Amino acid sequence: MSVIVINGKTYRYNGKISIVNGDILVNGKKVENYEELEKDQKHINIEIQGEVEKIDVDVCDTITVNGNVKNVKTMSGDVYVKGDVEGDIKTMSGDVDCGNVAGDVSSMSGDIK
């Protein structure tokens, strides 16, 4: 079991994390909804302690994984992985800083380290 911290709230989980249209889902179950926030005030920061299978986020400010991950995909947001990536990392707009990557890393408008 791993721990995810989303904007200061802690959740325990196994499996897949998704953020779609402001809804945060862990294994397909909604854990928090940000619809009530103003769009210009919507800040989502995700920090994961431990292993995670897949992260699929449409928009966030940062994703930080303190462990290994298989795949990470985001349309917008910086991605920091302190462990290794077994698959791919893809972000349309954001920086990527990670350990070893077995697959591909891509960012259309961001730095890759």
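Two strands pair if DSSP finds at least two bridges between them, and I kept that rule beside me while browsing this predicted model.

**Ground rules.** I noted that local features need pLDDT of at least 70 and side-chain atom pairs pLDDT 80 or more, while totals for chains, interfaces and linings use all residues. Residues are numbered from 1 along each chain as its sequence is written, and side-chain values use heavy atoms, with hydrogens and water left out.

**Overview.** I looked up the secondary structure and found 0 helices and 11 strands; helices are DSSP runs of H or I with at least four residues, strands runs of E with at least two, numbered from the N terminus. Of the 113 residues, 38% are buried, meaning under 20% relative accessible area with a 1.4 Å probe, protein chains only.

**Strands β3 and β4.** Next I turned to β3 (residues 16–20), which pairs with β4 in the antiparallel sense over 4 bridges. Here I19 stands opposite I24 in β4. In a regular strand the side chains alternate between the two faces of the sheet. For β4 (residues 23–26), I found both faces covered: D23 and L25 are buried on one side, I24 and V26 on the other.

**T64.** My last stop was T64, in strand β7 (residues 52–66). Why does T64 count as buried? Because its relative accessibility is 15%. Leaving out residues up to four places away in sequence, T64 touches I46, E47, I48, Y80 and K82, where contact means heavy atoms within 4.5 Å.

Notes
Buried means under 20% relative accessible area, exposed over 50%, partly exposed in between (1.4 Å probe, protein chains only).
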